[in-house]
Amino acid sequence: MNDAMGIGLLGCGVVGSGVARLLLEKSDRLASRAGRPLVLRRVAVRDLHKERPVELPRSMVTIDPIAVIRDPDIQVVVELIGGVTDARQYVLEALTAGKHVVTANKALLAQHGAEVFECARKHERTVAFEASVAGGVPIIAAVSQSLAANQITSIQGILNGTSNFILTAMAEQGQCYEDALREAQKLGYAEADPTLDVDGGDAAHKLAILAQIAFGIAVPFAAITRRGITDLHAMDLRFADELGYTIKLLAEAWLDGKQVALHVEPVLLRKTDMLAQVRGAFNAIQVVGDVVGETLYQGPGAGMMPTASAVVADLIDLAVGRAQRTFQSLKLWSATNTGFTMQSPMEVRSRFYLRLLVEDRPGVLADICKALAKEEISISSVIQHEALDEQEGEVVPLVIMTHSAPTGNFLKALRHIDAQKSISAPAVYYAIAD
Ligand code: HSE
């Protein structure tokens with residue numbers, strides 16, 4: 001067998017422990033797949049005394065990431081510390097020191113992809129990042145390699161396991177949001193700061209990476225319209241269900257002429273849609289290509305061993321030499337101009353679900369319809385149930401589904417609706433995926 005490939009690990013939390021376990025416990029299998037041994041040489045941790053789900057020889061562990069990066073017996077640095085500031089510094093340092101980098105850090109790539117990839121190219125090193133999107137689902141390889149004959153026309157994905165776990169628990173078991181989040185944290189799905197899971201930030205990081213690969217556009221992270229699930233009301237899950245839909249936190253990017261529309265939002269999906277049936281911490285991504293048509297990828301999008309599976313696949317690709325060739329040919333985050341630009345969020349067309357709490361009085365529905373009509377928004381269905389004691393003036397929920405309209409027109413109509421005296425609480429709205 002050829003020379004061993006020395007590996008240094010930065011971070012030994014949930015995913016890091018999984019990677020270490022895989023490298024230590026399945027070394028024969030990995031060596032046979034890689035054609036040479038993959039040897040874990042050093043692991044940098046923040047706390048030497050913390051209990052971990054993997055036993056590491058004491059001599060392997062250090063609190064000094066720079067010592068790992070500079071170790072001459074290490075050819076590949078695996079960055080699993082998360083966050084952006086320190087991770088950026090260590091990744092740039094590793095590349096400059098002539099090490100290849102494997103990372104699961106979507107925030108780092110979404111925000112500093114151009115800098116990191118330029119540094120890698122300058123030092124003729126490779127950055128492999130399969131684990132950064134959808135955990136164990138090989139979506140990076142699918143979009144960048146297996147679908148290379150296509151122009152991707154749309155990507156629609158459940159890219160955050162934690163929020164999908166919470167939505168499933170709320171919709172199927174009537175669990176409250178807080179309990180479901182606590183459970184997702186206990187199971188190791190959530191980010192260190194779970195705000196990113198539930199506010200759409202984590203899914204937006206992943207969408208920015210997919211948009212770069214599929215459309216060659218560097219999307220500034222802050223420019224991605226995103227809304228999370230923190231304000232989602234059980235009432236809207238019930239109305240969606242009544243209408244034949246379910247609500248999922250979707251990351252979507254699609255081509256509209258030469259423009260790419262993209263957002264991360266809770267969206268109504270028909271129950272028959274394949275993505276609507278994705279439950280728990282699973283991720284799923286539907287990718288449409290102009291040659292292949294619709295494809296679907298599904299699997300565990302978070303957690304220790306699924307994410308470790310993707311990290312170690314990158315290590316094998318590096319050991320074999322495939323990752324280096326792919327990295328060179330993709331030219332990601334380079335100045336290459338694909339001719340696509342990002343569509344303004346206000347121009348993005350969608351159907352909408354609108355739920356209002358209104359006073360049950362004559363003319364209320366007419367005023368709402370007038371505000372929508374003024375913006376040329378056509379209504380496709382309306383639900384208003386009879387109030388329990390049928391007293392006029394009582395506050396009742398009113399649900400309107402619209403036909404397709406530009407987001408800007410819809411939001412303008414909403415401002416007029418919210419200003420009406422008969423509206424008792426700010427309007428709630430979600431896009432409908434069709
Ligand atoms: N916290 C992420 C999720 C997993 O819940 O999907 C890593 O990306």
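This is a predicted model: local features need pLDDT of at least 70, side-chain atom pairs count only at pLDDT 80 or more; totals for chains, interfaces and linings use all residues.
Residues are numbered from 1 along each chain as its sequence is written. Local features need pLDDT of at least 70, side-chain atom pairs count only at pLDDT 80 or more, totals for chains, interfaces and linings use all residues, and side-chain values use heavy atoms, without hydrogens and water.

**Exercise 1.** Locate the domains and state how far apart the centres of domain 1 and domain 2 lie.

Solution. 
- Domain 1 covers 5–135 + 306–330, domain 2 covers 139–301 and domain 3 covers 347–432. These bounds come from an automatic or database domain assignment.
- The C-alpha centres of domain 1 and domain 2 are 26 Å apart.

**Exercise 2.** Describe the area buried between domain 1 and domain 2.

Solution. 
- Contact means heavy atoms within 4.5 Å. By this rule, 15 residues of domain 1 touch 21 residues of domain 2.
- Buried area is the accessible area (1.4 Å probe) that two parts lose on being put together, summed over both. Here it is about 1400 Å², with 70% on carbon and sulfur atoms.
- On the domain 1 side, K106, V133 and A134 lose the most area, together 38% of what that side buries.

**Exercise 3.** Find the salt bridge across this interface.

Solution. 
- The rule asks for a side-chain nitrogen of Lys or Arg within 4 Å of a carboxyl oxygen of Asp or Glu.
- It finds 1 salt bridge between domain 1 and domain 2.
- The side chains of K106 and D202 form a salt bridge, at 3.3 Å, N to O.
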